[in-house]
Amino acid sequence: MDFGVEQNGPSCGQKRKKLYHRHTPCQIQQLEAMFKECPHPDEKQRLQLSREVGLDPRQIKFWFQNRRTQLKAHHERADNCFLRAENDKIRCENIAMREALKKVLCPNCGASPIPQDSYFDEEKLRMENTRLKEELDRASSITSRYLGRPITQLPPVQPLSFSSLDLTVGDLRNLSVSPSLDLDLLTGATSNMAFPFPIAISEMEKPIMAEMAAAAMNELVKLAQSKEPLWVKQEEGREVLSLDEYDNLFLKPGTQFRGPDARVEASRDSGLVCMDAAALVDMFLDSRKWIEFFPTIVSKARTTDILTHGMSGRSGTLLLMYAELHVLSPLGPTRELNFLRYCQQIEQGLWAIADVSVDLLREHQFATPSNTRRLPSGCIIQEMASGYSKITWVEHMEIEEKAILHLLYHDLVISGVAFGAHRWLVTLQRTCDRFTHFLAVANSPRDIGGVSPEGKKSMMKLSQKMVNNFCANLSASQMHRWTALSGVNDNNVQVTVQRISEPGQPSGVVLSAATSIWLPVPCDRVFNFLKDERSQWDVLSSGNPVQEVTSIACGSHPGNCISLLRGMNTTQSSMLILQETCTDASGSLVVYAPIEFNYINIVLSGEDPSNIPIQPSSGFTILPDGRAGKSDGGASTSSNTIGSSYGSLVTVAFQILVSSLPSAKLNVESVSTVNNLISTTVQQIKAALNCPSG
C-alpha cells in the first residue's frame, strides 16, 4: 500500500505547496512485511527500518500511522456491513411477526384478541382536537376583521395529558414493581412536530402583507428616532414607551380597544456591536443564523415563506417567519409568533429590520392560538468605522396571559426583563464578540496554547453546537412539555424525554431533568462560583479537583471561554469534559458535556465537527430575578446590569442518554437517578453560597 508523505517546500512569502513522495514497490513490500510483524514499531525499530528501505524515520512513522488508520477503517466498514445485514434481518422478522399477529383470531368469538394501541386512540383525539381548533380559528379570524384586532379567545381547554409520569415518593420507593414507562407516553419525544406545518399564502394576501410591512417599517423608524415625551427615561438609563403618547401618534380609529387581560411591554436600547452592518442584515434574514446568534432567547425559528426577494438578497426582502421565544427554564413562559420581517436600506450604511405579527389560519396546528402580538418592532443598524455597527433596538409586544405565570418568573416577565430590548441587544453584543474572537483564532498564524488555530476553530464550532442543543432542550413549548415529579424532595424537578436521531448527536433516548430555584445572591457571584469551583458542586467528581487541559477565550469578558477539563480521580479515563461559560448583562450560562478522547483528537486536528456525536449536555442558566427592574407603567424595560437585581434565578439541568435504541422504554430507576443528581447538586450549591436549604 503506497501512502504518500507530505513534504514542505520553500515558502518565499507564498503559500506552501504540498509535495508528495511515492514509495517504490520494494519499499512498500518491506514496510508491509514489517507491519504484519509489528504494527506499532518503537523508535529503535523505525530507525533500523529507515536504513533498510532508505527512508527518513519521520516518513516511516507517518506510513505506519496511515496504515493503521486504513486497517481500522477497513475493519469498521466490515463491522458496519455485518450489523446492517443483521439489522435488516431483524427488521424483516419483526414485520413478519406483526403480519402474523394481525391474522390471529380468537377461537371463541373470531375477533382479534390483541387490543389496539392506545397511542392511536390518542392520535385520533388529537386530530379531532385539531379540527375543532381550526373551526375556532376561522370564527376568531372573521370576528377579528371587524374588531381590527384579534379577539380574546375562550379559555383554553386543559390539553390532553400524554404523560403518565406522575412519580410520587411512593413510586420511587417501589422501583422493583414499577412498570416501564412507554416513550410514546411522554411528550417531547419526537422531532417532527417541532414546527407548525407549512402555511400556504395566497396571492391576494401578499399585497396586504406588503402594506402591513411597509407601515411597520415607518412606525419602527419613528419609534427609533423619537425622544420624549414618546419615550420616558427611567433610572439607570432605561427607556420605556408612554402608551398614551403612542396611542395618540400611531393608533388608527377603531383599533384603540385592548382586551381586559392585555398587557403591553415596550422598551428601547442602543449600543455598539463588533460586526459590520451587511453581516448583521444577512443574519437577521437567515432563520438558522438568527437562532445561532440568540439561542438564549429564540428556541425555534423558521422562514415560512419568502414573499419578496430584495436587491442583492437584502433591501426590500419580505419574509413570513415563525418563532418561539423562551427564558431557558421549564417553568418560564414561551411566546409563539407568526410575523413579517421586512428589510430596507434607508440610506448608504443605514439599514432597518422591522417585525410585525400577522394573524394566520394555521392548518394542522396542535398548539393553541398565540397569545402574543409583536407590534412594530426591530432594529436600526448604522454602519460605523472599524467594522462596528450601532444598533437601536425597539421591542414592542402586546400579551394576553392565558396561564398564570410561575411565581419564580413573575417579576422577571412582568418587569419586561425577560423579553425586553436590553436583553436582545446585550445578547447580540456578546455573540458578535464571540464571532470576532472566532475569526481572530481562525486567522492566527501560529499555534495558541499548544493547539493549532484550525483546532481551536473546530473546538469553538463544537462548543457552539453543544450550547445551542442545551438551550433548545430547555424550552417549555407546547411541543416540548415537561412533567413534574410531584412530592420528590420539594425541588419541583421537571422531566421530559426525547428520541434523538439527528446527525452529530448520539442516537437513542435522552432523559432531561431540570429545576429552577431562587438564590438571594447576585448573578455574577453565582456565575463565578459555578465557573471556578466545580469540585464544590459537581456530584460526579466526588469533591476531587478538575484539571483544565486547554481553554479558548470566546469573548472580551474573562468569563466567556471554552475549556477542556479532566477529572483528577475519575473512572472514565477515556472521557474529557467540554465546557463553555458565557455571561452578559442579561444573564449567564455554564454548559458542559462529556466527550471521548478520540473525538477530541479529531476536533483539535482541525476537522469539521458537524458530524461528531456529542453527548447530551448539562449545565446552568442564571438570570436576574427582575425584582429591581419593575416598572409601574404598562410598558416596561429591563435592567442594565446583573448586579442591579436583588437575587438570581438559577436553572439546573441534566441530560443523560438512557439508551442508544430510539425505541427503548424508560424506567423509573433512570428518573430517580437524575432526580437525586439534581437534588444533591442544588443542596451543594446552596451550602457553598450560604443560602437557606429550604
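Trainee: Leaving aside its neighbours within four places in sequence, which residues is Phe 294 in contact with?
Mentor: This is a predicted model: local features need pLDDT of at least 70, side-chain atom pairs count only at pLDDT 80 or more, and totals for chains, interfaces and linings use all residues. Residues are numbered from 1 along each chain as its sequence is written, and side-chain values use heavy atoms, with hydrogens and water left out. Contact means heavy atoms within 4.5 Å. Leaving aside neighbours within four places in sequence, the partners of Phe 294 are Met 283, Phe 284, Trp 393, Trp 424, Thr 427 and Leu 428.

Trainee: Which residues touch the most other members of the largest nonpolar core?
Mentor: A nonpolar core is a set of buried Ala, Val, Leu, Ile, Met, Phe, Trp, Tyr and Cys residues joined through side-chain atoms within 4.5 Å. Buried means under 20% relative accessible area, exposed over 50%, partly exposed in between (1.4 Å probe, protein chains only). The largest core has 46 residues, and those touching the most other members are Trp 290, Phe 294, Ile 381 and Leu 428. Apart from this core lies another, of 34 residues, among them Cys 523, Phe 620, Val 671 and Ile 678.

Trainee: What percentage of the 694 residues of the chain count as buried?
Mentor: In soluble globular proteins, nonpolar side chains tend to be buried together. Here the chain has 694 residues, and the share that counts as buried is 47%.

Trainee: Among contacts between residues at least 6 apart in sequence, what percentage join residues at least 24 apart?
Mentor: The chain has 16 helices and 21 strands. Helices (H or I, at least four residues) and strands (E, at least two) are DSSP runs, numbered from the N terminus. Of the contacts between residues at least 6 apart, the share joining residues at least 24 apart is 67%.

Trainee: Is Leu 307 buried or exposed, and at what relative accessible area?
Mentor: Leu 307 is found in strand E6 (residues 298–308). Not counting residues up to four places away in sequence, Leu 307 touches Ile 201, Lys 206, Met 209, Leu 318, Leu 320 and Leu 340. Leu 307 is buried, because its relative accessible area is 14%.

Trainee: How far apart are the C-alpha atoms of Thr 308 and Tyr 342?
Mentor: Thr 308 is also placed in strand E6. At 32% relative accessibility, Thr 308 counts as partly exposed. Thr 308 and Tyr 342 are 34 residues apart along the chain, and their C-alpha atoms are separated by 9.2 Å.

Trainee: What is the relative accessible area of Ser 386?
Mentor: Ser 386 is found in the loop between E11 and E12. Its phi is near 60°, a positive value in a residue other than glycine. Ser 386 is exposed, because its relative accessible area is 73%.
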